[in-house]
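Here are a few notes to read alongside the structure.

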Amino acid sequence: MNIVILGSGNAATHFAQQFQKRGHQIVQIYSKTKANANALAFALQSAATDDLSQLQPDADLYFIAVSDGAIPTLVSQLASGIKGIVVHCSGATDIAALNRFTNYGVIYPPQSLSKNKSVDFAEIPLCVEGNTTTNAQLLLRLARELSAQSLLCNSPQRMAIHLSAVIVNNFTNILYQMAYELLAENSLPFDLVRPIILETAEKVQNHIPFTVQTGPARRGDEDTIQKHLKFISNKPDLQQIYQLLTQQITKRK
């Protein structure tokens, strides 16, 4: 496939590299910041542009990898007569955002991507959707070149996956930060809880999460719960989070 990448950030960089490794031609990189387009294009030995009117007109795939908020504006500025498949990689953007084109779809990776950190795409289940059966199957074949775990899912399913990823990744990480701050305030290192973080993460790889739930709320230890709440009595936000999560655990007992 001849592929145009629209974007030059984390997702754009990773997908461009992965497509190229599988033998596809990255014929052009677009970014509204020319220096960023040049940098990624140089790494891939491709062409660069910051002018949408200068996009290659006959590519097979136009891969949009920009922030969710930038997708509508970018889509509105693309020529509607594009013959290739126009794809975005957003988890929270409906496929209908691309319906001004004839052929379009989605390839979404439920994974945090950073330019400077390598990722094994074989471990990422890419979520694929197409506006027609033909396009869906074509994109699924392409996605499976990157990951055999790729699967078809519609926009509501993809939203559920994206929200779940936010819960297990972003929300969990801010809880780590709150624990880090609590330990630091008591002159203790975060290293003390790294082993239990890994232990829990390993358990949920092979079990339904609640079946390996532990802690005072799971065993109904109200005395310990009250001691914890008293210990953080000067932290109302943390108290509220503690109580909400405790309620979620106890109602599932």
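1. A word on counting comes before the overview: helices, at least four residues long, and strands, at least two, are DSSP runs numbered from the N terminus. Counted that way, the protein chain has 9 helices and 8 strands. Please keep in mind that this is a predicted model.

2. Now the overall picture. The C-alpha trace spans about 70 × 40 × 30 Å along its principal axes. Of the 253 residues in the chain, 36% count as buried. The accessible surface comes to about 14,500 Å², and carbon and sulfur atoms hold 53% of that area. Among contacts with a separation of 6 or more, 52% are between residues 24 or more positions apart.

3. An unreviewed UniProt entry places "domain: Pyrroline-5-carboxylate reductase catalytic N-terminal" at residues 3–83. That span is 37% helix and 21% strand, with its end C-alpha atoms 12 Å apart. The unreviewed UniProt entry for "domain: DUF2520" puts this feature at residues 124–249. Over residues 124–249 the chain is 66% helix and 5% strand, and the end C-alpha atoms are separated by 29 Å.

4. Which of its residues are buried? They are Ala-37, Leu-40, Ala-41 and Leu-44. These residues sit on the same side of α2 because they cover an arc of only 100° around the axis. Ala-35, Phe-42 and Ala-43, on the other side of α2, are exposed. The cover over the buried residues of α2 includes α1 (10–21), β2 (25–30) and β3 (47–49).

5. Gln-20 belongs to the α1 part of this picture, as it is found in that helix. Leaving aside residues up to four places away in sequence, Gln-20 touches Ile-26 and Leu-44. With a relative accessibility of 32%, Gln-20 counts as partly exposed. Gln-20 and Gly-7 are 13 residues apart along the chain, and their C-alpha atoms are separated by 16 Å.

6. Two backbone angles deserve a second look. Most residues other than glycine have a negative phi. Gln-45, which follows α2, is not a glycine, yet its phi is positive at about 55°. Gln-45 lies in the loop between α2 and β3 and is exposed, with a relative accessible area of 76%. Ser-187, also not a glycine, has a positive phi of about 60°. Ser-187 is found in the loop between α5 and α6 (194–203), and its 69% relative accessibility counts as exposed.

7. Which helix gives the most to the patch? It is α5 (residues 155–185), with 6 residues. Val-168 is found in α5; because its relative accessibility is 60%, over the 50% cut-off, Val-168 counts as exposed.

8. Finally, the charged pairs. Side chains of opposite charge can pair when their charged atoms come close. A search of the whole structure finds 5 salt bridges. One of them joins the side chains of Glu-129 and Arg-158 (2.7 Å, N to O). This pair links distant parts of the chain, with Glu-129 in strand β7 (residues 127–130) and Arg-158 in helix α5, 29 residues apart. Are Glu-129 and Arg-158 buried or exposed? Both are buried.

9. Another salt bridge is formed by the side chains of Lys-235 and Glu-185 (2.7 Å, N to O). Lys-235 lies in the loop between α8 (222–231) and α9 (236–250) and Glu-185 in helix α5, so the pair ties together parts 50 residues apart in sequence.

10. The side chains of Lys-227 and Asp-223 also meet in a salt bridge (3.4 Å, N to O). Because they are 4 residues apart in helix α8, Lys-227 and Asp-223 are separated by about one helical turn. Lys-227 counts as exposed at 54% relative accessibility, whereas Asp-223, at 49%, counts as partly exposed.

Methods: Residues are numbered from 1 along each chain as its sequence is written. This is a predicted model: local features need pLDDT of at least 70, side-chain atom pairs count only at pLDDT 80 or more; totals for chains, interfaces and linings use all residues. Side-chain values use heavy atoms; hydrogens and water are left out. UniProt positions are given in the numbering used here, feature names are shortened, and annotations may be inferred rather than shown by experiment. Buried means under 20% relative accessible area, exposed over 50%, partly exposed in between (1.4 Å probe, protein chains only). The arc is that of the directions from the helix axis to the C-beta atoms. Contact means heavy atoms within 4.5 Å. Accessible areas come from the Shrake-Rupley method with a 1.4 Å probe; for residues, only the protein chains shown count as cover. A salt bridge is a side-chain nitrogen of Lys or Arg within 4 Å of a carboxyl oxygen of Asp or Glu.
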